[in-house]
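Thanks for coming, everyone. Please look at the sequence and the model first, and then I'll walk you through a few residues and the overall build.

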Amino acid sequence: MTDLRNKESVARAMKASISSKLFGYEDLLANLIAQACISVCPKNPLNFIVDNIRVAKIPGGTLDDAFILHGFALTRDTHGSVKHVKDAKVAVYGCSIDIASTETKSTVLIKNADDLLNYNVSEEKAIEAEIKAIHDAGINVVVSQGGFGEMAVHFFERYGIMTVKCPSKFEVRRLCKAIGATALVNVRAPIAEEVGLCSAVDVKEIGDTKVVLFQQVADEDHAGIATIVVRGATKNVMDEVERAVDDGVNVYKNLTKDNRLVAGAGAMEVELSRKLTTIADSTPGLEQYAIRKYAESFLVVPKTLAESSGFSATDAVSNLNAAHQEGKVNFGVDIESVEGCDAVESGILDIFATKYWAIKLSTEAALTVLSVDQ
């Protein structure tokens, strides 16, 4: 693969790994994942980060309704009435924002009405001072892992600050990474280095689910984050799609390191088996038996593919061997015909690096077992 920013060629490389999870939807998903990967790929593709492609699962609709949001999406609503903020300065807190309570249990004796009023006023003034300090630091979006007290929400509303609760510490970590913020452990005004920046923070409604979207302007140094919004009737379907997306993104990551591809559908294994058998035929001594058995072991891939497709493994493999003897080196298992097909023409491609490591590690494992004599 020569161009990692060409959507068609990237999608072609991903199709085989996606169709192993979701057969029939590989074209739709491959294009979607390729577009998302290219949009967040930095100037140097080696710096591509797999975690920059997020998946948001929203029930309802079908898989055809899936789409990409450029930014970091949280599938929840804001706490207050502020729903849209442009040029956002975001403060992230790993604690809850509420009226502070003392560690020791104590009793407050109130003798008259003035004492009661003054007691409440002092609490209000304390929390207002904290929120005013956050506002004065230029913050217009606050994200908290622990949530917000009613009094805190009231003052955030007064100062026009958007409030978002994010209970997952992993999501908080990813959000901080996406917007360049530092999660604070106590409620205080952040310094400039701890503030995250976003071009916009918006609340969108997808189906009947509210989504808070942190949008970023991508630049050469910071490629930003893309979120693939997956729609589906059931949780199981969406989980399966998420796994397929994960496979597709890792295909792209592999291609940034090594851009070589090989014919899939078991074609490469049949050809390796044929060539190793040829070497076995010309090798004298007992080694030829080991080489021949090693050659045979590669045929487990086309055999398994044929059995999974409902064909006779023996017929399928003998057809493939015949085709490879005739010089059709890219012939592999066709799930619709026992005769086989040209894997490259059919767009069934596997990553060279995956095959390389699979062969290397499985051979090492076999040798380890053979070297133990107990």
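**Starting at Cys198**

Let's begin with Cys198. Leaving aside neighbours within four places in sequence, Cys198 is in contact with Asp87, Ala88, Ile179, Phe214, Gln215 and Gln216. Contact here means heavy atoms within 4.5 Å.

Before going on, some ground rules. This is a predicted model, where local features need pLDDT of at least 70 and side-chain atom pairs count only at pLDDT 80 or more, while totals for chains, interfaces and linings use all residues. Residues are numbered from 1 along each chain as its sequence is written, and side-chain values use heavy atoms, with hydrogens and water left out.

Back to Cys198. It lies in strand β8, residues 196-206. Helices (H or I, at least four residues) and strands (E, at least two) are DSSP runs, numbered from the N terminus. Is Cys198 buried or exposed? Cys198 is buried, because its relative accessible area is 6%. The cut-offs are these: buried is under 20% relative accessible area, exposed is over 50%, and partly exposed is in between, with a 1.4 Å probe and protein chains only. Now look across to Gly61. Cys198 and Gly61 are 137 residues apart in sequence, and their C-alpha atoms are 30 Å apart in space.

Two of the partners of Cys198 deserve a stop: Asp87 and Phe214.

Asp87 sits in strand β4, residues 84-93. Its phi is positive, about 45°, although Asp87 is not a glycine. Asp87 counts as exposed, because its relative accessibility is 61%.

Phe214 is in strand β9, residues 209-215. With a relative accessible area of 1%, Phe214 is buried. What does Phe214 touch, not counting residues up to four places away in sequence? The list is His70, Gly71, Phe72, Leu74, Val90, Val141, Val143, Leu175, Cys198, Ala200 and Val201. One distance for Phe214: Ala178 is 36 residues away along the chain, and the two C-alpha atoms are separated by 8.9 Å.

**The cores**

Next, the nonpolar cores. A nonpolar core is a set of buried Ala, Val, Leu, Ile, Met, Phe, Trp, Tyr and Cys residues joined through side-chain atoms within 4.5 Å. The largest one has 36 residues. Met14, Leu29, Ile33, Ile53, Ile228 and Tyr252 have the most contacts inside it. Which elements give two or more residues to this core? They are α1 (7-19), α2 (26-40), β10 (226-232) and α6 (235-257). Helix α2 gives the most, with 9 residues. Apart from this core lies another, of 24 residues, among them Leu74, Val92, Val164 and Ala181.

Take Ile228 as an example from the largest core. Setting aside residues up to four places away in sequence, Ile228 touches Leu32, Ile33, Ala36, Ile53, Arg54, Val55, Ala56, Phe67, Ile68 and Val245.

Gly248 is in helix α6. Gly248 counts as buried, at 0% relative accessibility. With residues up to four places away set aside, Gly248 touches Met14, Ser17 and Ile33. Val270 is 22 residues from Gly248 along the chain, with 25 Å between the C-alpha atoms.

**Two more residues**

Ala265 is in the loop between β11 (261-263) and α7 (267-281). Phi of Ala265 is near 60°, a positive value in a residue other than glycine. Ala265 is buried, with a relative accessible area of 10%.

Trp357 lies in helix α11, residues 352-371. At 45% relative accessible area, Trp357 is partly exposed. Trp357 and Ala129 are 228 residues apart in sequence, and 59 Å apart C-alpha to C-alpha.

**The whole protein**

Now zoom out. The protein has 11 helices and 14 strands. Its radius of gyration is 29 Å, well over the 21 Å that the globule rule gives for 374 residues, so the protein is more spread out than a compact globule. That radius is taken over C-alpha atoms, and the rule is 2.2 Å times the number of residues to the power 0.38. Along the principal axes, the C-alpha atoms fill a box of roughly 105 × 50 × 40 Å.

How much of the protein counts as buried? The figure is 40% of the 374 residues. Among contacts with a separation of 6 or more, residues 24 or more positions apart account for 72%.

That's the tour. Over to you.
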